[in-house]
Amino acid sequence: MIRAALILLCLAAPARAEAPLPFDLGGSFTLTDQTGTPRSEADPEGRAQLLFFGYANCLQICSAALPLMADLVDDLAGEFALRPVMITVDPARDTVEEIGPPLEYLHPDFVGLTGTKAELQVAYDAYSVEIKHIFDDPEYGPIYAHGSFIYLLDGQGAVLSLLPPILSPEQAAEILRARLAPAG
Amino acid sequence: MLLRPLAALLALAAPLHAAEGTRISVTGEIIDTWCYFSGVMGGPDAVVGSAHHTCALWCSAGGIPVGLLAEDGTVYMVLKIEGSAESAGGDTQLNLASHQIVADGMHYQRDGLNYLVVEKVVTDNDITVENHLDYGTVPPFAIPEGER
């Protein structure tokens, strides 16, 4: 039955990226990745990017969104080169030294971005991400409410679309195919 | 069991092109989209209303974006409610969990999905689907064992 619904999605007209996104999202930022290298919204290799705001050891929505991003990179590897990227909402824990391993456990290509509060705020503002400290878990530390959508960016960092993290990998892959397929 | 929610997600969403926003008024329930679409906690009739209220609070607090399940079965992914940019976990989202509301806002379609920016909650009718009498608490473990 799921397949029937997916077929409906597959048979729909292919999306094109030329129409403007009806949400005011995206923009320039400069942060630092887990190797200590400065990185902007553009991917150094020009890969399309899946961007999420979270924290590397988050057990809430990130535990749905980050594995979905990793799955999509692998599932579409034969069609598109995708880069999964997470911008931290918890720079105190997600330092350059700490942010990489939990993400690379999910996928070796995962990029974790951190920075100063001012640097990160530029990215939060660009994506209208509100962050709220909810409580301190005695075992895992601070728990935050934060943005919950995955953004699809092109290689230059322009936002193409967004993915609710509740989508199945198959549904999300169809959206990415429609958005990233060459026009014509 | 999953066909209905998935079909609802796709309903009225045939154009995949980015669309201009359309002002609409929607009457429906603020739902937990994770449990509604995944089916992991039960069928669509069980993961709404009073039966699923506690779990809906947990999911929203955990970052699951809320949706608005309209009376015609269409599900709108809620991007904002009355100026709050939070799609989950905010005070407004938690206060409205499982409630039937009348919402005025801007409707967008993107990639076959429906999105709604709720500009005003015109009416909040509280929880109107009292299905806990049929289903109990869904799932039972949403309420800690000592509190049941």
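In this predicted model, chain B contains five helices and five strands, and these elements follow one another from the N terminus in the order α-β-α-α-β-β-α-β-β-α. Of the 148 residues that make up chain B, 57% count as buried. When the contacts of chain B with a separation of 6 or more are considered, 72% of them are accounted for by residues 24 or more positions apart.

Apart from neighbours within four places in sequence, B:Ser98 is in contact with B:Glu29 and B:Ile30, with B:Gly49, B:His52, B:His53 and B:Ala56, and with B:Asp126 and B:Ile127.

B:Asp126 is found in the loop between β5 and α5 of chain B, and its relative accessible area of 43% makes B:Asp126 partly exposed. Further along chain B, the peptide bond that joins B:Val138 and B:Pro139 is cis, with an omega of about -10 degrees. B:Pro139 belongs to the segment after α5 (132-135) of chain B.

Chain A has five helices and nine strands, which run from the N terminus in the order α-β-β-β-α-β-α-β-α-β-β-β-β-α. Chain A consists of 184 residues, and buried residues make up 52% of them. Among the contacts in chain A that join residues at least 6 apart in sequence, 70% are between residues at least 24 apart.

The packing of two helices in chain A can be described through their geometry and through the residues that meet. Helix α2 of chain A, residues 62-75, packs against helix α5 of chain A, residues 169-180, at an angle of about 60 degrees, and the axes of the two helices are 10 Å apart. Because of this angle, α2(A) is oblique to α5(A). The crossing in which α2(A) passes α5(A) is right-handed. On the side of α2(A), the residues concerned are A:Leu68, A:Asp71, A:Leu72 and A:Asp75, and these meet A:Pro169, A:Ala172, A:Ala173 and A:Leu176 in α5(A). Sorted by class, the contact of α2(A) with α5(A) comprises six nonpolar and two charged residues, with no polar residue.

Aromatic residues provide a further set of relations, since a pair of aromatic rings is described by the distance of the centres and the angle of the planes. A search of the whole structure finds six aromatic pairs over all chains. In one pair, the ring centres of A:Phe53 and A:Tyr151 are 6.3 Å apart and the planes stand at 80 degrees, so the pair is edge-to-face. This pair links distant parts of the chain, because A:Phe53 lies in strand β3 (residues 48-54) and A:Tyr151 in strand β8 (residues 150-153) of chain A, 98 residues apart. Both A:Phe53 and A:Tyr151 are buried, and together with A:Tyr124 and A:Tyr127 they form one aromatic cluster.

Chain A also contains a residue with a positive phi, A:Ser128, for which the angle is about 50 degrees although A:Ser128 is not a glycine. This residue, A:Ser128, is located in the loop between α4 (117-126) and β6 (132-137) of chain A. With a relative accessibility of 31%, A:Ser128 counts as partly exposed.

How values were computed. Residues are numbered from 1 along each chain as its sequence is written. Chains are lettered from A and ligands numbered from 1 in the order in which they are written. This is a predicted model: local features need pLDDT of at least 70, side-chain atom pairs count only at pLDDT 80 or more; totals for chains, interfaces and linings use all residues. Side-chain values use heavy atoms; hydrogens and water are left out. Axes are lines fitted to C-alpha atoms, for helices over the stretch in contact, and angles run from 0 to 180 degrees between N-to-C directions. Helices (H or I, at least four residues) and strands (E, at least two) are DSSP runs, numbered from the N terminus. Angles under 35 degrees count as roughly parallel, over 145 as roughly antiparallel, 65 to 115 as roughly perpendicular and the rest as oblique. A crossing is left-handed if the near helix is turned anticlockwise from the far one by less than a right angle, and right-handed if clockwise. Contact means heavy atoms within 4.5 Å. Ala, Val, Leu, Ile, Met, Phe, Trp, Tyr, Cys and Pro count as nonpolar, Asp, Glu, Lys and Arg as charged, and the others, Gly among them, as polar. Rings of Phe, Tyr and Trp (its six-membered ring) pair if their centres lie within 6.5 Å; planes under 30 degrees apart count as stacked, over 60 as edge-to-face and the rest as tilted. Buried means under 20% relative accessible area, exposed over 50%, partly exposed in between (1.4 Å probe, protein chains only).
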